[in-house]
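Please open the model in your viewer and keep the selection panel at hand. The stops below say what to select next and what is there.

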Amino acid sequence: MNRKPLKDFEFWFLVGSQFLYGPETLQKVAEHAQIMASNLNDAKMIPCKVVYKATVKTTDEITKWVKEANYDDNCAGIITWMHTFSPSKMWINGLELLQKPYCHLHTQFNRNIPDKEIDMDFMNLNQSAHGDREHGFISARMQMKRKIVVGYWEDEDVQQSLGRWMRSAVGAVESRNLKVVRFGDNMRNVAVTEGDKVGAQMQLGWQVNTWGVGDLINELEAVTEAEVDAQVKIYAQLYEFATDDMETVRYQAREEVAMKKFLDREGAQAFTNTFEDLQQMRQLPGLASQDLMLQGYGYGGEGDWKVSAMTSLIKRMTENMGGGTAFMEDYTYDLEKGKELSLGAHMLEVCPSLSDKKAKIEIHELGIGGREPPARLVFEGHPGNAIVASLVDMGGRLRLIVQDIEVVKPIYKMPNLPVARVMWKPAPDLKTGAHLWILAGGAHHSTLSYDADAQMLEDWCEIMGVEFVHISKQSSVEGMKQQLFLSDLAWKLR
Ligand code: MN
């Protein structure tokens, strides 16, 4: 998959001021803004470029920069900051046109008040505390979707919030370019994997389209032995072979090469399939889908295009963070009183990015769908804090449910379980957590990520206009009922 590196996305730093202060002050404002942009660029928490564009002083200037930001494909958002006072009626015309994600960074150039030196000149130059309030008012009045980051710009927590918001903003921009290839339709009779594809394209930009499985089979038949050899070599570098049946492994390699060519030709970053619609394919893609996910492609089983798209986007937002993100499914529980755990897996397709060891290639019967036993990767998800996220179509609106989880080392060996497995404790505890998930309508499919957190996905939801539900250690059934009731009313009023 050919993707622009995250560092090539730009965030345009627009600093507000006015002519009242004279050229000397404006010169200082510009110098400070340049230093800030340059230092932020070097900060390890900042994944993209911060580009100082201008100190803006008039309605026309602001409007011009917003129009350019909207138009520029590299620009993933704007960051505003009022070093001095910037009368915010000047911002109305520009903000009215803004189509890119928007962050208001409430900070100041100096950390401390210089006790001896402070005089009225200093006060006139360093007045974000009141300039940013004027700016905040106009965004509140205009009901702008915005991120507010507050604190000293050199502090790690401020850079971390800003950096993580940038990732959400890239997710929003990439959402508008996302294409999902569906090999066949959804699994019959399942409700939660359905949804309004026209609505999703209008709101999120997703192009979700179906191809007949025959088209993929034509692609499979065209794969050469040399291409299969090359793919098997890659498997040998990444994984451990726990089988001698190379014929079966080679068939998965053939499927991977075919699917990858298909997706890349369509410019797609995500795909679905279903065991109910394989036609003449001899195996359900297992290893093939898992290795594609490791490269960043989204996947959803049983035709679940929403989870496939979300997996692709979350992988994009968390690029280079290193923890791992995968398509996941709640399978079964261990209900030992007080130590309740959930076991997540899928019939085959969990991304090996969740493993901190080499995954093993194994071959087992599938027990469903009546095909040849497919090769798949078997591994354990590593311990750590993570989230599971599920996007559901509530009819007229989309809701993203995000639950905090703690992944633990599986407490059993489970030697006869032939699939990748992840064991976790959902927040606030399994009983309440499962209750809340069911109350909110969360699917059995989800995206599990060690890198994304609830805040990053909430920011993405705010930009995209998606309802957001967070299940955390503070959540209760009573509180959630109230939230869902009020949220339902609010969404009906929109
Ligand atoms: Mn499934």
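**A tour by selection**

Begin by selecting Asp-185, which counts as partly exposed because its relative accessibility is 44%, where buried means under 20% relative accessible area, exposed over 50% and partly exposed in between, with a 1.4 Å probe and protein chains only. This is a predicted model, in which local features need pLDDT of at least 70 and side-chain atom pairs count only at pLDDT 80 or more, while totals for chains, interfaces and linings use all residues. Residues are numbered from 1 along each chain as its sequence is written, and side-chain values use heavy atoms, with hydrogens and water left out.

Arg-182 is buried, with a relative accessible area of 1%.

Next select Arg-188 and Glu-276, whose side chains meet in a salt bridge at 3.8 Å, N to O. Arg-188 lies in the loop between β6 and α7 (197-204) and Glu-276 in the loop between β9 (270-272) and α11 (287-294), so the pair ties together parts that are 88 residues apart in sequence; here helices (H or I, at least four residues) and strands (E, at least two) are DSSP runs, numbered from the N terminus.

Move on to helix α8 (residues 213-221), where Val-213, Leu-216, Ile-217, Glu-219 and Leu-220 are buried. These residues cover an arc of only 160 degrees around the axis, which puts them on the same side of α8, the arc being that of the directions from the helix axis to the C-beta atoms. On the other side of α8, Asn-218 and Glu-221 are exposed.

Now select the manganese ion, which is coordinated at 2.0 to 2.2 Å by Glu-302 (OE), Glu-329 (OE), His-346 (NE2) and His-445 (NE2); donors are N, O and S atoms within 2.8 Å of the metal (3.2 Å for Na, K and Ca), and water is not among the atoms, so sites may look incomplete. Glu-302, in the loop between β10 (298-300) and α12 (305-317), and His-445, in strand β18 (residues 445-449), link distant parts of the chain, 143 residues apart. Glu-302 counts as buried at 8% relative accessibility, and His-445 is buried with a relative accessible area of 1%.

Finish with Arg-397, Arg-399, Glu-467, Asp-488 and Lys-492, which are linked in a network of salt bridges.

How values were computed: A salt bridge is a side-chain nitrogen of Lys or Arg within 4 Å of a carboxyl oxygen of Asp or Glu.
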